[in-house]
Amino acid sequence: MSIEDKKYTCPMHPEIIENHPASCPKCGMALEPMVAVANDEENDELNYMSKRFWISIVLALPVFVVAMISDLVPEYLPQSVTMKNVQWFLFILASPVVVWGGWPFFVRGYNSIKTWNLNMFTLIAIGVGAAYMYSLVALFLPEVFPPLMQTKEGLVHVYFEAAAVIITLVLLGQVLELRARSKTNSAIKTLLNLAPKQAHRIDNDGNEENISLELIHVGDKLRIKPGEKIPVDGVVVEGQSNIDESMITGEPMLISKTKDDSLIGATLNKNGTLVMVAQRVGSDTMLSQIVHMVAQAQRSRAPIQKLADTVASYFVPAVVISAILAFLGWFIFGPEPRLAYAIVAAVAVLIIACPCALGLATPISIMVGTGRAALSGILIKDAKTLETMEKINTLVVDKTGTLTEGKPKVTTLNVEDGFDEKDVLKYAASLEQVSEHPLAEAVVEHAKESDLDFLHVDNFEAIIGKGITGEIENKKIVLGSESFLDSLNISTKDTSQKADALRKEGKGVIFMAIDSKFSAIIGIEDPIKLTSIEAIKELKAEGIKVVMLSGDNKTTANAVARKLDIDEVYANIMPDAKAKVIKQLQDGGAIVAMAGDGINDAPALAQADIGIAMGTGTDVAIESAGVTLIKGDLLGIVKVLKLSHATMKNIKQNLFFAFVYNSVGIPIAAGVFYPFFGILLSPVIAAAAMSFSSVSVIVNALRLKNVKI
């Protein structure tokens, strides 16, 4: 990505977007790239602040040491050094720190006042500026101060060391914060680094050449050798191997791949050589889409952020008023020298109350949480989804492809007397080969496994929701439901018991007739995913009610529900009725998450409070969903729930810490406890506390990277 293509945004105000590095006009924080890059490129803002910090600390340390000695143990100063000399020494060393080291803060503070977007830099600029300007007047014009504030030598106490050390500590806080913020993007950087840099392309003559990923086009043939990563998304055309997809799905199991199987870019080829055809390249690959979705989610705002935003909008004016009241209180009622005490108290209030920690509390946790999810094969659309997920109490799941493998197989073929089993299967498969019904493929695959030839079909007709008919070798073939055959006056009453027995085992049943004579029952089973049983057990332990939707009849649907210990079942549900069921549950007070994988699930996913798309499904379902499980099993929902709980807990910890910190810090800095306990907070201590409060919020958020889900 070129510099011209880059976009920069603020983690606290994602609506701010610039095409060059800058500071946020609202909060003053440095903007950061909207999408991280794979390599650890130079962080200009970090370098900028680091340079100012290291030069400032070299100058501020002697200023601090000399000031402390002159204040606490002046007898340790050489006899030839006067207090006037000390003040000039402090002025000469502190001025570059304040003016040059603190220049970015004064610029941001000025801009915040000019645009009336008051922020932490408003307070820093006012506080440090007041301490420094006061000290300049005290150094050059001591006679303008009341005699009570002057020493025997006619000097007035200066606060150059406070101004210099505050700037240095704020610079340190900025450096630590920028370093910590860069770690919140580690998930995206990890994902980007998964992609290989080169691929082996095979030309039309069979020659092989190494090319960079950017040069791969759709339709290119690529060779993947053992131990290499799959370069882009595509399909196997030659070879057989085991693929480690854990970097995308979060699951460590190896998956066998052979001809016609799909491959995901950035996954690892373990032990065989494969030849693939590229199908999705560049920004269309699953990895690129994952990175894009994670970046979008990290920049979104959670509803809980509104609380912090509301408080912050009133906070800075309230702090300025508090500082003025502290100044007036000390100036009117404080001990001598009143003006000096008033300046110290006002500066301490301004410095300690910077609201940076409050603003960072939510977005930093969201960035880390969504990144952590992506590395576990879970894509979360936005921060609102993550927050809402914590509140769900009902999970609605589609049966086929969600609870089950979505790969139905023929397990039973009951043929009536007088019919040949091979002929029946051949006719059924030939007719089903023309059909688009989900169970048709199972019949076709069963015929292929039996090495049967397919026959030509004439006059094919599909009656939606009922069955199909056609003519093969001048015989009329009918496949469909029991009621469909009955409507054609084909009797099935003698087979009801056999059909019910199959349904009670959770199997789908197809009835077949040849030339208006009932000929066979085909029993089809869609195996339940092994992970579904474990996932539902864990979901119920979390207090989640599980509801199953199925297009199957009640007997078959209930049989599957019993195996999985599911609370509630809706059978014979047509695709367009799924959203109505969810609306009905919501009207009853349920907060609903819906998991599905097909195009017909899209309306239901959109209706639910949280739509969860199984990654093995269609792009339409994924677009309609707030959460996408790349692996495509329900254990991912358990992970999302745990991560949602952990992230919201983390955000609440950060907000609590920020609120309490400011609630306690401001009164102490203002000197409220001085008359009772003699406690008066130095502006230097206030600056240290302010800087480390922001860093502590980020460090707490980074703990989400290690949470067990």
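Predicted model: local features only at pLDDT ≥ 70, side-chain atom pairs only at ≥ 80, totals over all residues.
The side chains of D398 and K578 form a salt bridge, with 2.9 Å from N to O. This pair connects distant parts of the chain, since D398 sits in strand β14 (residues 394-398) and K578 in helix α20 (residues 578-587), 180 residues apart. Both partners, D398 and K578, are buried.

Side chains of opposite charge can pair when their charged atoms come close. How many salt bridges does the count come to? The count is 18 salt bridges.

A second example is R280 with D233, whose side chains meet at 3.4 Å, N to O. Is D233 buried or exposed? D233 counts as buried, because its relative accessibility is 4%, and buried means under 20%. R280, in contrast, is partly exposed, with a relative accessible area of 27%.

Finally, R201, E209 and D220 are linked in a network of salt bridges.

I turn now to the helices. Two packed helices are described by the angle between their axes and the distance between the axes. For helix α2 (residues 83-101) and helix α3 (residues 103-115), the axes come within 5 Å and cross at roughly 45 degrees. That angle makes α2 oblique to α3. On the α2 side, the contact is made by V98, V99, W100 and G101, and on the α3 side by W103, P104, F105 and F106.

Helix α3 also holds G109, a buried residue with a relative accessible area of 2%. Which residues does G109 touch, not counting those up to four places away in sequence? They are F121, T122 and A125. G109 and G28 are 81 residues apart in sequence, yet their C-alpha atoms are 7.9 Å apart in space.

In helix α1 (residues 44-72) we find S56, which is buried, with a relative accessible area of 1%. Leaving aside neighbours within four places in sequence, S56 is in contact with V97, G101, T168 and L171.

Next, the surface. I321, I324, L325, L328, F331, I332 and F333 form a nonpolar patch there, with about 730 Å² of accessible area together. One of these residues, L325, lies in helix α9 (residues 305-333) and counts as exposed at 56% relative accessibility.

I close with the backbone. E336 and P337 are joined by a cis peptide bond, with omega about -10 degrees. P337 is in the loop between α9 and α10 (338-352). D451 is not a glycine, yet its phi is positive, near 55 degrees. This residue, D451, is placed in the loop between α15 (440-449) and β16 (458-463) and is exposed at 68% relative accessibility. N459, also not a glycine, has a positive phi of about 55 degrees. N459 is in strand β16 and is exposed, with a relative accessible area of 57%.

Key: Residues numbered from 1 in each chain as written. Heavy atoms only, no water. Patch = residues over 30% accessible without salt bridge, like charges linked within 9 Å, V, L, I, M, F, W, Y side chains within 5 Å. Areas by Shrake-Rupley, 256 points an atom, 1.4 Å probe, with all protein chains shown as cover. Salt bridge = Lys/Arg side-chain N within 4 Å of Asp/Glu carboxyl O. Helix = DSSP H or I, 4+ residues; strand = E, 2+ residues; numbered from the N terminus. Buried < 20%, exposed > 50% of the residue type's maximum accessible area, 1.4 Å probe, protein only. Axes fitted to C-alpha atoms, helices over the stretch in contact; angles between N-to-C directions. Parallel < 35°, antiparallel > 145°, perpendicular 65-115°, else oblique. Contact = heavy atoms within 4.5 Å.
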